[in-house]
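Please look over the sequence and the structure shown below before reading on.

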Amino acid sequence: MYPNTPVLVGVAAVQQKEANYEKADEAIALMERALRDAAADAGGNALLTEVDEIAVTEGIWGYTDPGRLLAQELGADRATTVLAKIGVSQQTLITRACQRIASGEISVAMVTGGEAKYRALCAVKAGAEVSETAQQATPDVVLEPDSEIWSEVESAAGLGMPVGYYAIMDSALRFKQGLTPDEHRAQMGDMYQRFSEIAASNPDAWSETPVAADDIAQPSPANRMLGFPYSKLHNSQWNVDQAAGLILCSVARAEALGIPRSQWIFPRAFAEANFMSVVASRGDLGGCPGFHLAGEAAAQRSGVNFDHIELRELYSCFPMAVRSQLHEFGMSGEGDLSVTGAMPFGGGPLNNFVYQATVRMAQLLREQPDEIGLVTTVSGMLTKQGVALWSATPGEQAWGFDDVTDAVRAASDIRELVADASGEGSVAGYTVLYQGSEPWRGIAVFDLPGGKRTVAYTEDAQLIAVLEAKENVGLTYTLEHGQFRA
């Protein structure tokens with residue numbers, strides 16, 4: 001191994017379920033605890049003052065430079081601070097740390113993120129507000145996305161929250177796969193029941209009780225519909241207090257600090273696709289060339305067949321994300337697809353789940369040193385994709401990273417979006433959004449003559465019932481003034 005070979009040496013996940021918001025820690029305190037625990041996991045506090053860079057993913061909090069707050073508390077005085085804005089892939093911070101270590105620019109890096117939304121929710125229920133550490137500092141490095149993840153055409157039809165976008169894409173994939181809506185829902189129920197069972201056995205998961213497939217597939221007062229065919233239990237659970245800490249360093253520094261080899265986890269191959277396009281413009285609504293090409297690149301670099309990997313964490317913000325990966329990676333879907341219990345049950349802090357998953361993966365790889373671990377990343381509306389392969393033993397080839405962004409751009413069929421189209425259009429994908437327990441609006445992406453696209457809605461109760469009763473992808477409707485009708 002080269003002295004600058006990057007290794008993951010310390011991992012920790014923390015969560016709190018303190019119902020008294022006045023006693024609960026804020027998000028930055030959870031991140032600090034996670035990093036201290038990660039240092040202890042690596043063998044002691046010596047790493048804390050050796051840190052060259054602290055990178056944090058932006059969350060639902062107001063800290064302007066959370067890395068600086070952490071550096072001050074940890075005694076990491078020389079650390080550069082990095083803040084990745086929402087829209088930057090979580091995988092990017094891990095990739096950056098490995099690249100800088102491999103190049104010799106730094107020798108120790110921390111990556112962290114965390115949320116305290118459960119704390120905030122408990123305060124709201126008590127008619128109060130929580131406070132957090134005030135800050136006005138500026139990070140040394142700020143990473144920002146280079147484009148928007150939605151369009152005004154989509155917003156005008158009523159799309160806003162991610163659930164609607166993912167449900168629309170999933171309807172297109174369902175149609176492509178030849179599944180009926182009922183078969184689709186049953187398949188998702190079985191998949192998510194297994195996720196809940198895995199969470200129940202994961203000490204760091206938010207949910208502790210398995211849920212039956214029928215209770216997931218069928219809406220109920222406790223599991224209301226959000227966007228057909230997705231219910232609440234298909235949705236990432238983000239009202240959690242969770243944080244994770246990862247500490248990476250060079251082999252040379254790990255040896256110098258006496259970190260036991262049994263703690264080392266090796267990155268084997270990473271790949272990322274950062275081409276951004278809005279959902280409705282994607283020619284193949286049910287496809288994801290980013291995952292196809294990123295998965296292909298990582299598999300080729302590592303010499304690993306994804307279907308032979310037993311330890312897998314497929315990003316699971318919504319069923320479409322998981323189903324898309326199975327489809328694009330060419331995986332059978334047999335075996336477990338998560339080690340955490342997935343985002344609805346393991347917990348889905350807004351911009352931190354990949355780190356929670358990497359912690360759990362590292363722990364399992366230490367217990368099963370002959371295995372390979374796969375952790376994937378999604379950013380936005382299935383906008384960006386990341387793939388990471390890890391193992392407790394080094395590969396035959398040195399760690400490497402493939403940026404497939406340009407290849408994905410070239411492979412993507414992007415359609416022109418137009419507003420207020422008139423005439424006939426063919427449904428490319430659709431959903432029904434709910435307000436409370438009642439269906440509110442049917443929204444569909446339409447293919448237009450000449451290859452253009454539009455998004456339109458209906459609030460007609462009879463038509464909404466049709467949208468939920470049978471497959472509507474491929475059907476033709478009349479468009480006028482941003483709405484559609486039979």
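In which sense do strand β9 and β12 pair, and over how many bridges? Strand β9 (residues 266-273) and β12 pair in the antiparallel sense over seven bridges. Helices (H or I, at least four residues) and strands (E, at least two) are DSSP runs, numbered from the N terminus, and two strands pair if DSSP finds at least two bridges between them. This is a predicted model, in which local features need pLDDT of at least 70 and side-chain atom pairs count only at pLDDT 80 or more, while totals for chains, interfaces and linings use all residues. Residues are numbered from 1 along each chain as its sequence is written, and side-chain values use heavy atoms, with hydrogens and water left out.

**Pairs of strands**

|---|---|---|---|

In strand β12 (residues 384-391), eight of the eight residues are buried, where buried means under 20% relative accessible area, exposed over 50%, and partly exposed in between (1.4 Å probe, protein chains only). Lys384, Gly386, Ala388 and Trp390 point one way from β12, whereas Gln385, Val387, Leu389 and Ser391 point the other way. In a regular strand the side chains alternate between the two faces of the sheet.

**The open sheet and its helices**

Six strands form an open sheet in the order β1-β8-β4-β2-β3-β5, with mixed pairing. Because β1 (6-15) and β5 (141-143) stand at the edges, each with a single partner strand, one side of each is left without a neighbour in the sheet. From one strand to the next, the twist averages 15 degrees.

Helix α13 (residues 353-367) lies across β1, β2 (53-57), β4 and β8, running at about 115 degrees to β1. Axes are lines fitted to C-alpha atoms, for helices over the stretch in contact (heavy atoms within 4.5 Å), and angles run from 0 to 180 degrees between N-to-C directions.

**Nonpolar cores**

A nonpolar core is a set of buried Ala, Val, Leu, Ile, Met, Phe, Trp, Tyr and Cys residues joined through side-chain atoms within 4.5 Å. The largest has 105 residues, and those with the most contacts inside it are Tyr166, Leu246, Leu248, Phe306 and Trp390. α13 gives the most to this core, with nine residues.
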